[in-house]
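This report concerns a predicted model and sets out its packing, domains and contacts. The sequence and coordinates are displayed first.

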Amino acid sequence: MVLTGVALLPLALGLSGCGQGVEGELGEARPILHYFTWSDYVEPELIAEFERREQVKVVVDTFSSNEELLAKLQSGATGYDVAVPSDFMVAIMIQQGLLQEVDSQAIPNASSLESHLQALPFDPNGRFSVPYLWGTVGIGYDSDILSAAPDSWAILWEPRYKGRISMLNDQREVFGAVLRSMGQSMNSTDPLVIEAAKERLLLQKPLVKTYTSDHYDQLLASGEVVLAHGWGGQVARAMAERPSLRYVVPKEGATLWADCLVLLKSAPQKALGMKFINYLMEPEVAAHTSERLRFASASRPARQLVSPAVRDNPAVYPPLDQLVRLEWMRDVGKGIRLYDRAWTELKMQ
Amino acid sequence: MLAHRTASVTVTLRNSCRACWLAVPGLVWMALFFLVPLGLVFAVSFASRGTYGGIVWEFTTANYVDLLHPLYGKILSHSLWYAMLTTACCFVLGFPLAYMIARSPARWQPVLLLLVMLPFWTNFLVRTYAWMILLRHDGLINHVLVSLGLVATPLELLYTPTAVVIGLVYGYLPFMVLPLYVAVERLDPLLVEAAYDLYASRWAVFTRVVVPLTMPGIVGGCVLVFIPSIGSFITPDLLGGARSMMIGNLIQHEYLVARDWPLGSAVSFVLMAVVMAAVVLYYRQGDRSAGPVERR
């Protein structure tokens with residue numbers, strides 16, 4: 001009883017303070033930063049550390065696709081400060097005028113990026129974005145079942161593995177893989193090329209157990225599939241449960257992706273947002289993120305700080321000699337209808 | 001006769017109008033959150049997609065013209081088929097269950113009804129994931145089937161059309177059972193007894209007495225199952241392995257992946273029109289078969 005009274009005392013004082021119109025108390029309340037990120041990118045300890053250091057509160061909201069992020073911002077969601085779109089979405093957001101230029105003075109940690117991430121096609125001068133995490137799309141496979149390591153997308157058309165293959169449920173990635181295997185760009189908008197790619201995918205469909213972008217890591221780990229088209233980091237997480245899993249980027253080439261930290265034009269806390277971006281790019285913080293999420297950090301000094309097991313895992317840190325055969329996914333504008341139609345036809349066969 | 005009818009209508013009107021203002025909050029709610037969004041979807045379905053997604057307000061019927069492509073007819077008929085199959089399965093499973101509950105001792109009925117509704121306490125997505133675990137290659141169902149010696153090797157259950165129908169029937173069965181229960185509960189057991197006394201066979205009692213008298217419940221249950229199952233998209237993605245599309249998947253795809261809101265809106269409207277037509281047709285048929293019995 002006494003304890004309750006004591007606990008309530010500051011509250012009562014605070015309330016009376018407000019009643020007397022002491023504005024300063026409210027004005028000095030902890031600023032709030034709104035961070036909009038991928039649902040699997042949240043590292044609570046790191047967020048808490050930033051909150052302690054800057055005496056602020058960080059509110060995290062998540063999305064599960066670039067399109068969802070864009071749709072929310074386009075339909076007028078405001079109040080977010082920092083977001084994490086992928087490469088091609090950065091280009092769209094710049095076009096749509098959704099992004100605020102970042103001040104390179106305020107983000108010194110952005111100056112030590114991996115060399116191949118310094119001048120990016122979607123934001124050549126790095127005026128609007130800071131690359132955060134990056135990686136590849138490839139094939140995760142079970143080395144206990146596959147005697148020889150596959151090196152080509154063709155393995156996904158191998159009748160022997162019928163019903164034990166999963167593909168991403170993502171039209172651009174699935175078409176991207178088959179386009180590369182045909183020696184084409186994954187950003188093709190040639191109707192004939194896309195039609196030919198669809199024919200190849202129709203041949204593959206009877207072999208595919210499921211199209212999923214979410215739980216292929218569980219399918220690999222449980223052995224339900226032995227070949228999975230997917231993002232390296234997610235395959236790397238499955239490796240922890242099933243050590244016989246391996247990851248390969250096919251020789252015909254694949255997607256190179258980078259998720260980038262951006263400051264929104266509508267951000268209420270621009271200065272704090274840039275501080276936050278700088279914090280996430282601090283070598284120790286970036287290394288910790290990379291270690292926990294199993295994605296490569298864009299920070300060059302961070303690479304030296306992650307454990308060798310993670311750094312030397314090609315699913316997490318793509319070997320640099322692979323870079324020449326990787327391609328950025330670009331927005332294809334109205335060409336998306338070609339992919340849409342072909343994808344729907346694939347599903348309806 | 002006519003005068004009597006008019007009088008009763010007037011009385012009903014006067015009674016209902018006295019309570020009219022009570023309906024205002026509900027009507028405002030419906031207008032704001034149902035009619036306005038519906039109007040917006042309708043307007044957007046005649047707009048065009050911008051180069052980077054988004055909506056460009058230039059009037060066009062191109063979205064509806066695009067839907068004439070046989071591909072979309074195929075998706076629609078595919079969805080109709082799944083929805084009808086689900087409704088039929090729910091009816092076959094739900095009717096005996098509803099009958100049993102309605103005819104069980106009065107003190108047990110609330111408990112049994114609660115059990116029917118119990119699954120709603122858990123999120124649908126979570127329950128669908130549970131089905132994935134059950135249907136897996138090395139899941140519980142296969143485990144039981146193999147250990148009982150019913151099958152030699154585990155069946156491929158997950159990521160098949162069967163799994164989609166199982167998921168849909170599981171998800172929407174309660175919507176069938178509840179209206180049927182209400183209808184059966186109101187059915188006078190004496191009428192069933194009378195039919196037997198008049199030497200009707202079991203089948204004749206069911207088709208000529210029980211079904212006509214519970215028709216409102218049957219129609220209600222079927223509509224409640226049919227509508228959500230035709231638009232479902234989680235079940236075909238998760239249990240069907242996204243190997244085919246239902247119209248709900250197409251709408252989700254157009255809105256969220258292709259960022260083509262105008263086309264997505266057009267698909268939504270066509271779906272609404274089809275569902276509306278199906279429901280009206282169904283209610284009419286229901287009226288016709290239920291009508292004569294009530295008059296007798």
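## Conventions

The model is predicted, so to speak of local features requires pLDDT of at least 70 and side-chain atom pairs count only at pLDDT 80 or more, while totals for chains, interfaces and linings use all residues. Residues are numbered from 1 along each chain as its sequence is written, and chains are lettered from A and ligands numbered from 1 in the order in which they are written.

## Nonpolar cores

The largest nonpolar core contains 106 residues, and A:V262 and A:I277 have the most contacts inside it. Such a core is a set of buried Ala, Val, Leu, Ile, Met, Phe, Trp, Tyr and Cys residues joined through C-beta atoms within 7 Å. A residue is buried if 20 or more other C-beta atoms lie within 10 Å of its own, exposed if 12 or fewer, and partly exposed in between, with C-beta atoms placed from the backbone. Strand β10 (residues 254-264) of chain A contributes nine residues, the most of any element; helices (H or I, at least four residues) and strands (E, at least two) are DSSP runs, numbered from the N terminus. Because domain 1 and domain 2 of chain A both give residues to this core, it lies between them.

Neighbours within four places in sequence aside, A:V262 is in contact with A:A83, A:P85, A:V90, A:M93, A:L99, A:F128 and A:S129; contact requires C-beta atoms, placed from the backbone, within 7 Å. A second, separate core of 51 residues includes B:W131, B:L157, B:L158 and B:V225.

## Domains of chain A

Chain A is divided into domain 1 (29-134 + 256-321) and domain 2 (137-255 + 326-348), with bounds from an automatic or database domain assignment. Their C-alpha centres lie 26 Å apart, and each of the two domains gives 15 residues to the contact. On the side of domain 1 that touches domain 2, α5 (87-95) and β10 of chain A each give two or more residues, and α5(A) gives the most, with four. That side has twelve nonpolar, one polar and two charged residues. In this classification Ala, Val, Leu, Ile, Met, Phe, Trp, Tyr, Cys and Pro count as nonpolar, Asp, Glu, Lys and Arg as charged, and the others, Gly among them, as polar.

## A covered helix

Helix α9 (residues 232-239) of chain A is mostly covered, with eight of its eight residues buried; among them are A:Q234 and A:R237. The elements covering the buried residues of α9(A) include β5 (129-142), α8 (216-222), β8 (227-231), β9 (245-248) and α11 (283-293) of chain A.

## Chain B

Chain B has 14 helices and two strands, and its C-alpha trace spans about 70 × 70 × 35 Å along its principal axes. Of its 296 residues, 32% are buried.

## Contact between the chains

Chain A gives 26 residues to the contact and chain B gives 21. On the side of chain A, α4 (66-74), α5, β7 (208-211) and α14 (336-348) each give two or more residues; α14(A) supplies the largest share, six residues. By class, this side of chain A has six nonpolar, eleven polar and nine charged residues.
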